Amino acid sequence: MAKERIVSLQNEEPSKIAKFRKKYLKKGFELIDITHLVSQFVYDSKVQTGIVYCFVPHTTAALTINENADPNVKRDILYKLKKEIPRQDGYHHTEGNSDSHIKASLFGFSEQILIENGQLVLGQWQGIYFCEFDGPRNRKLIMKVYSFD
């Protein structure tokens, strides 16, 4: 049995879009902790044992799991990405966002997290991040929960 939720702003009223963008998508290049969104979706699904699949259907955004205890880890990741994959570097893609495509491809577009006792199975310091490399834009996060109960 699978339960699905698509978190999308495309069909929302303008005030909700503005509120979401203000709350989550503050910059064009950032890592946004979405652990609470995924946890809430799992809680609402009432699945006790299973897996949650998260997918970002965009070519300049990604998902990753990394440390969420020290904000300097996020800062270091972003610093190193900017340094190693600069915005302009003689790319051939004419839209001017080749760096964002490269970064998203390196991180990946999906994550799968186990569920035990109705909770995400993450390490003590782990969090789930939406990686915005070419924004802020309206984005989607697709989540599906699969029950093993």
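In these legends, two residues are in contact when heavy atoms of theirs lie within 4.5 Å of each other. The model shown is predicted.

**View 1. The whole chain and the confidence of its parts.** The chain has four helices and eight strands, which follow one another from the N terminus in the order β-α-β-α-β-β-α-α-β-β-β-β. Averaged over the chain, pLDDT, the predictor's confidence in each residue on a scale from 0 to 100, is 85, and 82% of the residues score at least 70. Confidence is highest in strand 6 (residues 119-120), at 98, whereas it is lowest in helix 1 (residues 14-23), where the mean is 49. Over residues 5-20 pLDDT stays under 50, and for this stretch the model has 21 contacts beyond four places in sequence. Where pLDDT is low, the predicted coordinates should not be read in detail.

View 2. Of the 149 residues of the chain, 40% count as buried, while the chain exposes about 8800 Å², of which carbon and sulfur atoms supply 51%.

View 3. An open sheet is formed by three strands in the order 2-7-4, and their pairing is antiparallel. Strand 2 (30-33) and strand 4 (61-67) stand at the edges with a single partner strand each, so one side of each is left without a neighbour in the sheet. On average, and with direction ignored, neighbouring strands of this sheet are turned by 35° against each other. Strand 4 is joined to strand 7 (residues 126-132) by seven bridges, and these two strands run antiparallel. To follow the pairing at one place, find Ala61, whose bridge partner in strand 7 is Glu132.

**View 4. Two helices on the sheet.** Helix 3 (residues 71-84) lies across strand 2, strand 4 and strand 7, and it runs at about 150° to strand 2. Helix 4 (residues 98-107) also packs on the sheet, where it touches strand 4 and strand 7, and its direction makes about 50° with that of strand 4.

**View 5. The buried residues of helix 4 and what covers them.** In helix 4 the buried residues are Ser98, Asp99, Ser100, Lys103 and Ala104, and their cover includes strand 4 and helix 3. An α-helix has 3.6 residues a turn, so residues three or four places apart point the same way. After helix 4 comes Gly108, which has a positive phi, near 105°.

**View 6. Asn97 in the loop between helix 3 and helix 4.** Asn97 has its place in the loop between these two helices. Is this residue buried or exposed? With a relative accessible area of 5%, Asn97 falls under the 20% limit and is therefore buried. When residues up to four places away in sequence are not counted, Asn97 touches Thr60, Arg87, Asp134 and Arg137.

View 7. The structure holds two aromatic pairs. In one of these pairs, the rings of Phe29 and Phe133 have their centres 5.9 Å apart and their planes at 45°, so the pair is tilted. This pair links distant parts of the chain, 104 residues apart, since Phe29 lies in the loop between helix 1 and strand 2 and Phe133 in the loop between strand 7 and strand 8 (140-147). Both Phe29 and Phe133 are buried. Ring pairs link Phe29, Phe107 and Phe133 into a cluster.

**View 8. Helix 2 and the residue that follows it.** The buried residues of helix 2 (residues 35-45) are Thr35, Leu37, Val38, Phe41, Val42 and Ser45. Helix 2 is followed by Lys46, which is found in the loop between helix 2 and strand 3 (50-55). Although Lys46 is not a glycine, its phi is positive, at about 65°. Most residues other than glycine have a negative phi. Lys46 has a relative accessibility of 64%, which is over the 50% limit, and therefore counts as exposed.

**View 9. Asn117 in the loop between strand 5 and strand 6.** Asn117 has its place in the loop between strand 5 (110-116) and strand 6. What is the phi of Asn117? Its phi is near 55°, a positive value in a residue other than glycine. Asn117 is exposed, with a relative accessible area of 64%.

Methods. Residues are numbered from 1 along each chain as its sequence is written. This is a predicted model: local features need pLDDT of at least 70, side-chain atom pairs count only at pLDDT 80 or more; totals for chains, interfaces and linings use all residues. Side-chain values use heavy atoms; hydrogens and water are left out. Two strands pair if DSSP finds at least two bridges between them. Axes are lines fitted to C-alpha atoms, for helices over the stretch in contact, and angles run from 0 to 180 degrees between N-to-C directions. Buried means under 20% relative accessible area, exposed over 50%, partly exposed in between (1.4 Å probe, protein chains only). Accessible areas come from the Shrake-Rupley method with a 1.4 Å probe; for residues, only the protein chains shown count as cover. Rings of Phe, Tyr and Trp (its six-membered ring) pair if their centres lie within 6.5 Å; planes under 30 degrees apart count as stacked, over 60 as edge-to-face and the rest as tilted.
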